[in-house]
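This report describes one protein model for a reader who is new to structural work. Please keep the sequence and the structure in view while reading.

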Amino acid sequence: MKHKVMIVLNYVMGSVFIFAAVMQYNDPDMVGWIAMYGAAAAASLLYATGNYKKIVSAVVLVAALTWAALIFPEFFEGESFSFRTFSSVKMTNMEFETAREFGGLVIISLWMALTLIFPPASRE
């Protein structure tokens, strides 16, 4: 049962990551974000389709954690760390942008960690 739930959740998260990648089309640093969200989507969909590779999830996890660590100091500057960060879909300032980017990297990291903790029973 746990395996079937993880398959469904990986389809959902793969779709979410694809949507996030598409939404980067107007971001000044879109290439990196499309690559990051695309890699997370690929790892999730590999899991869901039975083609799980532990190394893919691990590489995406390390990349997301590294990137998050690089922007972590900026996350606590100014108003980044507030509920107003997500009150609008517009980028009101760079502090909010950094907080949202950090949040995306945390979500990717947590999801990749879950795929490593709960791998499919019949695969790697």
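A residue is called buried when its relative accessible area is under 20%. In this predicted model, the buried residues of helix α2 are Trp33, Met36, Tyr37, Ala40, Ala41, Ala43, Ser44, Tyr47 and Ala48. These residues lie on the same side of α2, because they cover an arc of only 160° around the axis. An α-helix has 3.6 residues a turn, so residues three or four places apart point the same way.

**Overall architecture**

The protein contains four helices and zero strands, and its pattern along the sequence is α-α-α-α. Of its 124 residues, 35% count as buried. The protein exposes about 7500 Å², and carbon and sulfur atoms supply 73% of that area. Among contacts between residues at least 6 apart in sequence, 69% join residues at least 24 apart.

**Confidence of the prediction**

The average pLDDT of the protein is 84, and 78% of the residues score at least 70. Over residues 80-89, however, the pLDDT is below 50; this stretch has 19 contacts in the model beyond near neighbours in sequence. Where pLDDT is low, the predicted coordinates should not be read in detail.

How far apart are the end C-alpha atoms of α2? They are separated by 26 Å; this agrees with the 27 Å that the 19 residues of α2 should span at 1.5 Å a residue. Just after α2, glycine 50 takes a positive phi of about 85°.

Methionine 36 is part of helix α2. Since its relative accessibility is 8%, methionine 36 counts as buried. Leaving aside neighbours within four places in sequence, methionine 36 is in contact with Val60, Ala63, Ala64, Trp67, Leu105 and Ile108.

Helix α1 (residues 2-22) includes isoleucine 7. Not counting residues up to four places away in sequence, isoleucine 7 touches Tyr47 and Ala48, both of which are listed among the buried residues of α2. Two C-alpha distances are set out below.

| Residue pair | Separation in sequence | C-alpha to C-alpha distance |
|---|---|---|
| Isoleucine 7 and leucine 45 | 38 residues | 8.7 Å |
| Methionine 36 and alanine 20 | 16 residues | 9.8 Å |

The model has four aromatic pairs. One of them joins tyrosine 47 and tyrosine 52 in an edge-to-face arrangement, 5.2 Å centre to centre with 75° between the planes. Are these two tyrosines buried or exposed? Tyrosine 47 is buried, because its relative accessible area is 1%, and tyrosine 52 also counts as buried at 1% relative accessibility. Elsewhere, ring pairs link Phe17, Trp33, Tyr37 and Trp67 into a cluster.

Threonine 115 is located in helix α4. Its relative accessible area is 0%, so threonine 115 is buried. Which residues is threonine 115 in contact with, leaving aside its neighbours within four places in sequence? They are Met6, Asn10, Tyr47, Tyr52 and Ser57. Threonine 115 is therefore in contact with both Tyr47 and Tyr52, the partners of the edge-to-face pair, each of which has a relative accessibility of 1%.

How values were computed: Residues numbered from 1 in each chain as written. Predicted model: local features only at pLDDT ≥ 70, side-chain atom pairs only at ≥ 80, totals over all residues. Heavy atoms only, no water. pLDDT = per-residue confidence, 0-100. Contact = heavy atoms within 4.5 Å. Helix = DSSP H or I, 4+ residues; strand = E, 2+ residues; numbered from the N terminus. Expected span 1.5 Å × (residues − 1). Buried < 20%, exposed > 50% of the residue type's maximum accessible area, 1.4 Å probe, protein only. Arc of directions from axis to C-beta. Phe/Tyr/Trp six-rings, centres within 6.5 Å; stacked < 30°, edge-to-face > 60°. Areas by Shrake-Rupley, 256 points an atom, 1.4 Å probe, with all protein chains shown as cover.
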